[in-house]
Amino acid sequence: MKKDHIYFIRIGALSDNLYKIGTTNNIARRMRQHERNYKKPVEIIWTSPAYSKYTTLRVEERTINQWRELDGFEYIRNDRFIINPKIRQVKIKVRKEWTIDF
């Protein structure tokens, strides 16, 4: 059974402040797809260890809903966020809480 990963990426330049959280079972393929679709470079900031598809989808949905409620996070469709440049760290909880500096 193939395992999935949660990823957190920056889309475009640092000054764009555009970030995305998602899930995939093939990180390299998914990043190529993002670069082709957004026509901008993609930088992988963090990927999780492998988990079941159910776990990754649940964590992705929960994290998106939490971030939508926070100040400094502007939600854009397709699970993207413009994150205030003053915010330099996010937390994603899977089984443990991961602190990601960016």
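Hi everyone, let's start with a pair of residues: Glu74 stands opposite Ile82 in β5. Before I go on, please keep in mind that this is a predicted model.

That pair belongs to a stretch where strand β4, residues 73–76, runs antiparallel to β5, with 4 bridges joining them. Between the two strands of this hairpin there are 3 residues, and Asn78 takes a positive phi near 70 degrees there. β5 also has β2 as a partner: these two run antiparallel as well, joined by 3 bridges. Over there, Lys20 stands opposite Arg80 in β5.

In soluble globular proteins, nonpolar side chains tend to be buried together. Here, the largest nonpolar core has 18 residues, and those with the most contacts inside it are Phe8, Trp67, Phe73, Ile83, Val90, Ile92 and Phe102. At least two residues of this core come from each of β1 (5–11), β2 (18–24), α2 (53–69), β5 (80–83) and β6 (89–93). Which element gives the largest share of this core? That is α2, with 3 residues.

Have a look at Phe102 while you are there. Leaving aside residues up to four places away in sequence, Phe102 touches Phe8, Tyr19, Ile45, Ile83, Ile87, Arg88, Gln89 and Val90. There is also a second, separate core of 7 residues, and Tyr7, Ile9, Leu18 and Ile27 are among them.

On to the charges. A search of the whole structure finds 4 salt bridges, and I'll show you some of them. In one, the side chains of Arg10 and Glu43 meet at 2.8 Å, N to O. Arg10 lies in strand β1 and Glu43 in strand β3, so this pair ties together parts that are 33 residues apart in sequence. Is Arg10 buried or exposed? Arg10 is buried, because its relative accessible area is 8%, which is under the 20% cut-off. Glu43, at 41%, counts as partly exposed.

Another salt bridge brings together the side chains of Lys40 and Asp16, at 3.8 Å, N to O. Lys40 sits in the loop between α1 (27–38) and β3, while Asp16 sits in the loop between β1 and β2, 24 residues apart.

Let me finish with Glu60, which is found in helix α2. Glu60 is buried yet has no salt bridge, and the nearest side chain of opposite charge, Lys20, is 5.6 Å away. Not counting residues up to four places away in sequence, Glu60 touches Ile21, Gly22, Thr23 and Asp79.

Key: Residues numbered from 1 in each chain as written. Predicted model: local features only at pLDDT ≥ 70, side-chain atom pairs only at ≥ 80, totals over all residues. Heavy atoms only, no water. Core = buried A, V, L, I, M, F, W, Y, C linked by side-chain atoms within 4.5 Å. Buried < 20%, exposed > 50% of the residue type's maximum accessible area, 1.4 Å probe, protein only. Contact = heavy atoms within 4.5 Å. Pairing = 2+ DSSP bridges. Lys, Arg positive; Asp, Glu negative; His and termini not counted.
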